[in-house]
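Q: I am new to this structure and would like to go through it step by step. Could we start with the way its helices pack?

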Amino acid sequence: MQQNILIVDDEEKIIEVLREYAEFENFSVDSASNGMEAVQKCNENKFDLVIMDVMMPKLDGFSAVKEIRKTSDVPVIMLSARGEEYDKLFGFELGVDDYVVKPFSPKEVMARVAAVLKRRNSALQAKKGMVYKFEGLEVDMEGRNVYVDGEKAELTPKEYELLFYMVKNKGKALSRETLLKDVWAFEFVGEDRTIDTHIKMLRSNLKQYRKFIITLRGHGYKFDA
């Protein structure tokens, strides 16, 4: 089945280049020139992935993702001329799946598209019928829900994927590099704070069951219930 991609950028040349490469890979492509148009199109259509620029008129990419996340967990790859760590972390906190700094190679963008979609498909297949319970913590893979003492926890899509991965690998020592590679699906050299930030937010949402996420000093983390 042909998959649908929405490309959002205020530079027509970038849209056309990415459209050419995406259509060559047999994707169906739609486009938008600003964040408001992107939100509207996501509300009206079902996309398998969104490629979103940050700096745009009317509504910037970060604000657009925030609006889209209210109704959809569609994978999002951000494009930005701003490569500062703060911008990347902010994007990941909003629930984006990847972050590409301009100027970029269209081939690299398409490789990241393939990696994100592959990971999403694998996660959907693995989630079917899986419900894990650890004392008062319940992780429902199929329903994509997490409950803390019966109360639903509000996690970002990336927090959920991180928890799912750690639960699936319960008892294993997971280095930061392994988490970046397997949860973010690409090499993110020198950005250990990305993992630490998400772990901090995840622990906060798990409340007293934060105890299950063990810090391995100088290495990474482990889910141990």
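A: We can begin with helix H6 and helix H7, whose crossing is right-handed. Please keep in mind that this is a predicted model.

Q: Which residues of H6 and H7 make the contact?
A: On the H6 side they are Lys158, Glu161, Leu162, Tyr165 and Met166, and on the H7 side Thr178, Leu179, Asp182 and Val183. Five of the contact residues are nonpolar, one is polar and three are charged.

Q: At roughly what angle do the axes of H6 and H7 cross?
A: The angle is roughly 115 degrees, and the axes of H6 (residues 157-168) and H7 (residues 176-183) come within 11 Å.

Q: Which strands does H6 lie across?
A: H6 lies across S10, S11 and S12, and it runs at about 70 degrees to S12.

Q: What is the order of the strands in that sheet?
A: The order is S10-S12-S11, in an open sheet of three strands with antiparallel pairing. Strand S10 (174-175) and strand S11 (213-216) stand at the edges with a single partner strand each, so one side of each has no neighbour in the sheet.

Q: How many bridges join S10 to S12?
A: Two bridges join S10 to S12 (residues 220-223), and these strands run antiparallel. As for individual residues, Ser175 stands opposite Gly220 of S12.

Q: Let us change topic to S4. Are its residues buried or exposed?
A: Five of the five residues of strand S4 (residues 76-80) are buried, so the strand is largely enclosed by the rest of the structure. Both of its faces are covered, with Val76, Met78 and Ser80 buried on one side and Ile77 and Leu79 buried on the other.

Q: How many bridges join S3 to S4?
A: There are four bridges between strand S3 (residues 49-53) and S4, and the two strands run parallel. Within this pairing, Asp53 has Leu79 of S4 as its bridge partner.

Q: Back to helices, then. How do H3 and H4 cross, at what angle?
A: The axes of H3 (residues 61-68) and H4 (residues 85-94) come within 10 Å and cross at roughly 15 degrees. Angles under 35 degrees count as roughly parallel, so H3 is roughly parallel to H4. The crossing of H3 and H4 is left-handed.

Q: And which residues make that contact?
A: H3 contributes Phe62, Val65 and Lys66, while H4 contributes Asp87, Phe90, Gly91 and Leu94. By type, the residues of the contact are four nonpolar, one polar and two charged.

Q: What about the backbone: which peptide bond is cis?
A: The bond from Lys102 to Pro103 is cis, with omega near -5 degrees. Pro103 is found in the loop between strand S5 (98-101) and helix H5 (106-127).

Q: Why mention such details?
A: Because most peptide bonds are trans, and most residues other than glycine have a negative phi. Lys58, which is not a glycine, has a positive phi of about 70 degrees. Lys207 is not a glycine either, and its positive phi is about 55 degrees.

Q: Where are Lys58 and Lys207?
A: Lys58 sits in the loop between S3 and H3. Lys207 lies in the loop between helix H8 (192-206) and S11.

Q: What is the relative accessibility of Lys58 and of Lys207?
A: Lys58 has a relative accessible area of 69% and is exposed. Lys207, at 45%, counts as partly exposed.

Methods: Residues are numbered from 1 along each chain as its sequence is written. This is a predicted model: local features need pLDDT of at least 70, side-chain atom pairs count only at pLDDT 80 or more; totals for chains, interfaces and linings use all residues. Side-chain values use heavy atoms; hydrogens and water are left out. Axes are lines fitted to C-alpha atoms, for helices over the stretch in contact, and angles run from 0 to 180 degrees between N-to-C directions. Angles under 35 degrees count as roughly parallel, over 145 as roughly antiparallel, 65 to 115 as roughly perpendicular and the rest as oblique. A crossing is left-handed if the near helix is turned anticlockwise from the far one by less than a right angle, and right-handed if clockwise. Contact means heavy atoms within 4.5 Å. Ala, Val, Leu, Ile, Met, Phe, Trp, Tyr, Cys and Pro count as nonpolar, Asp, Glu, Lys and Arg as charged, and the others, Gly among them, as polar. Buried means under 20% relative accessible area, exposed over 50%, partly exposed in between (1.4 Å probe, protein chains only). Two strands pair if DSSP finds at least two bridges between them.
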